[in-house]
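Have the model open as you read.

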Amino acid sequence: MNEAEKILADLQAQKYSPIYYLAGEEPFFIDLISNYIEQEVLREDEKAFNQQIVYGKDISVDTIIHYAREYPMMAARRVIIVKEAQDLSRTISQLLPYVENPSQTTILVLCYKYGKIDGKTKLAKELKKYVCLESKKLYESETLKWVDSYLKGFGYSIEPVAAQLLINFLGTDLSRIANELNKLKIILPKGTKITPLHIEQNIGISKDFNVFELQNALGKKDFAKAMQIIKYFNENQKDNPIAMITENLYRYFKNLFIFATNTSKGESELARMMGVNPYFLKDYRQAAANYPLKKISFCMETVKNADLKSKGVESGSISYYDILKEIIIMTIS
């Protein structure tokens, strides 16, 4: 994340590199940088003759080199952005002669998503001489920090529970999260502290019936509340896929196990080990009082088996609702 911010800062200061190699599993930062270059490096009147956006599946490496070698017209530089460059994986090594001697009046941007060029190749080693970004998927704890930082950059803040709601529902896909946060930025005045109610009213994630509240109900062994939540899930299955529920519940009990076996650790270290905001440690402390270690291990196994059943493994004709009900009965009893 800091690497992407540094690249953006240099771009904003008009410190340009002839080549930008943007690769990795998290496309958000790749798009963030390539979009900035596309929108800001050239003036609007310069773009018609000096900026080309091409896609890996539609172009050859030879053509990319040809474009990159052309001289700018009535501008200081050209910009060539190759989107989905991973589609050139079989032939991208042919780019080596250009990378060894790039045009100093062209900015060539390679957007290589969901992977990277083999680091042992000469091409990869040569690319390291220029601006390179390896955009890695963020862990949940890192995503929570990113949400907070992203909103602060626009003059907003968010309650920890609201941020957790978003991530439980959307996962760690930064593009999806940013899209929902951008909707809130349009609706809510700058300076707003985003709450679970804002999330419910504007994004459609229930503040009362969600996987986060289900975790809390299980932690408190509140059978009635847990059943109420899964009844809501059953009536809104499209918005509450069972894979998302089991993934979050398994992570919850795994974190509960980490908490229960590391009580001597300080709060900040414990939160780091669990990958959660320290704000939520009080909930884990209450749950740990209700679940001995042996029971926590049993709960993890129960959720894992439920996930397999939801995928048709030794499940017979068991329904969505019955799978969730079984989790509740077996974990709370």
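By class, the lining of the largest cavity has five nonpolar, six polar and three charged residues (Ala, Val, Leu, Ile, Met, Phe, Trp, Tyr, Cys and Pro count as nonpolar, Asp, Glu, Lys and Arg as charged, and the others, Gly among them, as polar). This is a predicted model, in which local features need pLDDT of at least 70 and side-chain atom pairs count only at pLDDT 80 or more, while totals for chains, interfaces and linings use all residues. Residues are numbered from 1 along each chain as its sequence is written, and side-chain values use heavy atoms, with hydrogens and water left out.

A cavity here is a set of points on a 1 Å grid over the protein atoms alone where a 1.4 Å probe fits but cannot get out, and lining residues have an atom within 4 Å of a point. The structure holds five cavities of 30 Å³ or more.

| Cavity | Volume | Lining by class |
|---|---|---|
| Largest | about 140 Å³ | five nonpolar, six polar, three charged |

Of the 14 residues lining the largest cavity, Gln164, Phe212, Gln215, Val276 and Tyr284 lie nearest its centre. Two or more lining residues come from each of helices H8 (160–170), H11 (211–219), H13 (242–260) and H15 (281–290), where helices are DSSP runs (H or I, at least four residues) numbered from the N terminus. H13 gives the largest share, four residues.

The second largest cavity has Phe169, Tyr232 and Asp239 among its lining residues.

Definitions and conventions:
On a 1 Å grid over the protein atoms alone, a cavity is a set of points where a 1.4 Å probe fits but cannot get out, and a pocket is an open set with protein on both sides within 12 Å along at least five of seven lines; lining residues have an atom within 4 Å of a point. Grid points are joined across faces, edges and corners, and a volume is the space filled by probe spheres set on the points.
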